[in-house]
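Thanks for coming. Please have the viewer open.

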Amino acid sequence: MEKKGRDAIIERFRHIAENTPEYVRSLKEKGRLSAGYMCTHVPEEILYAAGIVPLRILTSHESQAMTRGYIHETYCSFSHDCAYQGLKGDYDHLDLIVTSSSCIHMGEAFNVWVRFAGFQDKSYLMQYPHIIHTKPAGGFMAESFKQFKEFVEKLTKRSVTDNDLEEAIKVYNHNRRLLKRLWEFLRHDRPPITGPEVAAVTLASQVMDKKECNGMLEQLIERLEAEPGQAAPGVRLMVTGGACDDLGLFDLMEHLRYDTSIIFIDSCTAARYFWFEVPEGRHDKLEALAEGYIGKIPCPAKDTVPGTGEKKRFRFVQQFIEDFKPDGVIFLYQRFCSPQPMDVVALKPIVDKLGIPSTELELDTTVPKAQFQTQLEALVEIIKGVTP
Amino acid sequence: MAYNITTWGDVKNYQTNCYRNYLFAPGGLRCMGSTWSPLAPLKGLGDDIHVIGGEPHSASAAGTVPAECREDIIAAETGGLGFHSCSYLKLFVGEVIRDKIAITDKTIKDGYPRPDVIWTTHLCSQHSKWYQEVSRRLGGVPMYAIDMIGGGNAEKDPKIVNYVSDQIEAGIEWLQRVTGREFSDELFVKAVRNEIKVLVLWGNICALNMHSPAPLDERRLIALFPPAVVDRTTDESVRIYEKLLKEVKHMVENGESVAPDQRFRIVYFGIAHTYGHPEMARILRDVGAEIVASVYTFGTCGNFKGIVNGKWTWEPIDPAWVDELDLSTRRKAITELSKIVLGWPTWQGVRSYWALEEMAKAMVAEYKADGLLLAPSRSCETDFRNGYIAMQRIFKNQIPTIEYDTDQVDVRKMDLPGAQRKTELFVHLMEAHKKGGA
């Protein structure tokens, strides 16, 4: 039976998130230029202002061995899987691949695309600060963005005006606000949408033309606002950690032996992607972009406040805990990732101190569903005080 | 007959004295951070600065008291650090957890000496996180990390040089604030010149291995560079490397070598592992194969000309150039320091695959290599793992090339029998290649 209303919109989002190459081909058929990017520390607005649709390279979770001949096995499965997307040729329609100097593992995935997947002449590696809280970092970023803008202008053979940039900033900010409104539903006791559904929409937003995405988001939010909450209140779970585009894993978290609800996901594939805004109406658009991107929830790889060594992300995590009131926390990270688990070591005592039980899940290309289910149910039992 | 390096005693004493001072000096300022930090700014705070660097300390401790260090690594893992995290980091943090520290004269001191400040860099994704963890475990230590954005041609890119210089300049202000000490530009400039001089001198010493026979082998290179990594800002460190350069030049003039039987010359990419696993070195030594050049021993604390006319070269920089540098203002001194540290070869491949390949191509050609040995370090986030698998793909048709995994200090991660078999195969490949067969 054909789904209608909210379900149809959510299904469309999920289909796009899980079939990105198909979406890229459809853009090509419409005569649109598209650029793949490998890290959220890429100012998509510059590409969008030049008429290019930026799309994040996501993974397919297929078991494969091809990339072992290109990247060392001790790089995370997410980077291997992203490299695989290039090698298997599903993204040949892209006009550009771009990344910033961020996570080293994703840098390796980018290198594979450039050297071995046919993107040698259509790639851009952006210099981007590894510590984003400093004053010099802002100026450095703005200069990097200027160089990137010039590259994009050369690629598209058109100049990118301040008006183009302002328009792109507004479209992107609008998208961020809509996504935020969507996530706010999860604060309710009976939200009209589930955590996995919100995760799917957020993931889709990273691979879509933002105007099209905004249109669909507006329709979805309108419908959700008119609906009463439907999900029974369950144990409220918050996820925090690294990149995870495995929607099946989020489905699993809400399909345990107990009623559970994902109420927040702090990761670069979820809230960290959009939980910031770029100042509008500024004279210098590139400086505005730099200011906006400095304000992002920091990736653990870039999170060191000079002078104290403080991890700024922890402030956000504590604020999210206060606002979304989780009963339990799931630390999620890719196997072989260095910065994420390093943060867990310091974050776990904070969560413990708040009296919130937690567990850790280490991700690989495919996930051990049964083991994860047992682990998650054990967490819920701890929260609920179930005695064996 | 194998030559014995006479400067060795000076090197060993210098290294040990630095560590003993950090452990036992009654006063002064204890400073901690990555090897890859520009050290001269610390020396502007006085002449009683005792430094300890994460990587060199972990490496030398593992080589000196391996059983103790295995306990450190396990303590860090028990404390929550991941099995796949950097093993230098884990060893270092493990000492903090166990509240004891071991140094190169085999002293094991109970009670970890708390640093007054952490002055470090951030390069790989966990570089400064290392010291965040140390600081957290010690209840909070003032910490300043410099973003060493690099890769490729960074030292010649004014945008990057200014960015790093701005951070160092702000860092000096911070150092004054947190230590309450006045900063002496006179001491700073002197330390800058020494720091640059040592880096250039070490580059000159390494470059002498272009000769045949190469005067130094990998194990001696590893043993001789500690002063340059531990504290390269002092007059004594300059004196040691001037003396060593003179001695190695003399060896070349007389055709002498610490390992004179050199049928095969090998270029090596990876962190040192032959001192931890002498079995590996022995396989090579027995057939007259020597590692004559490696990015680790050359580039961790040595500078070369780098990219000239679009191509990388391992040609050395004239030491006299250092004496001519204009360091007349604080900013000028900071800028020269930024350039030299951004030019370290070991940084180039962290963020730039093409630089890594260029360096390998140049090293193979300039050091007349018979084989390329790639040994990615399983837990290293920098270019001691990045790009190596792809490099094998690129070089295998040009020169005998093998790859096996190692780890910087965690012996559990090395597949020794497998690596030995590959090394034997490597020797056969080089033999066949020389005969025109492979």
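Let me start in chain A, where strand E7 (residues 328–334) is joined to E8(A) by six bridges, the two running parallel. Helices (H or I, at least four residues) and strands (E, at least two) are DSSP runs numbered from the N terminus, and two strands pair if DSSP finds at least two bridges between them. Across from A:Tyr333 is A:Glu362 in E8(A).

Before I go on, the conventions: this is a predicted model, with local features needing pLDDT of at least 70, side-chain atom pairs counting only at pLDDT 80 or more, and totals for chains, interfaces and linings using all residues. Residues are numbered from 1 along each chain as its sequence is written, while chains are lettered from A and ligands numbered from 1 in the order in which they are written.

Back to the sheet. It is open, has four strands in the order E6-E5-E7-E8 of chain A, and its pairing is parallel. Strand E6 (260–266) and strand E8 (358–363) of chain A are at the edges with a single partner strand each, so one side of each has no neighbour in the sheet. From one strand to the next, the twist averages 25°. Helix H15 (residues 369–384) of chain A packs on this sheet and touches E5, E6, E7 and E8 of chain A; its direction makes about 170° with that of E8(A). Angles run from 0 to 180 degrees between N-to-C directions, and axes are lines fitted to C-alpha atoms, for helices over the stretch in contact.

Next, the domains of chain A. The assignment, automatic or from a database, gives domain 1 (20–158) and domain 2 (166–185 + 234–384). Their C-alpha centres lie 22 Å apart. Domain 1 of chain A puts 32 residues into the contact and domain 2 of chain A puts in 35; contact means C-beta atoms, placed from the backbone, within 7 Å.

Now the two chains. How many residues of chain A are in contact with chain B? There are 35, against 42 residues of chain B. Helix H5 (104–116), H6 and helix H14 (339–353) of chain A each supply at least two residues of that side of chain A.

Last, chain B itself. Helix H5 (residues 87–98) and helix H6 (residues 127–137) of chain B pack at about 5°, axes 10 Å apart. H5(B) and H6(B) are therefore roughly parallel, the term for angles under 35 degrees. Among the residues making this contact are B:Phe92 of H5(B) and B:Trp130 of H6(B).

Key: Angles under 35 degrees count as roughly parallel, over 145 as roughly antiparallel, 65 to 115 as roughly perpendicular and the rest as oblique. Two residues are in contact if their C-beta atoms, placed from the backbone, lie within 7 Å.
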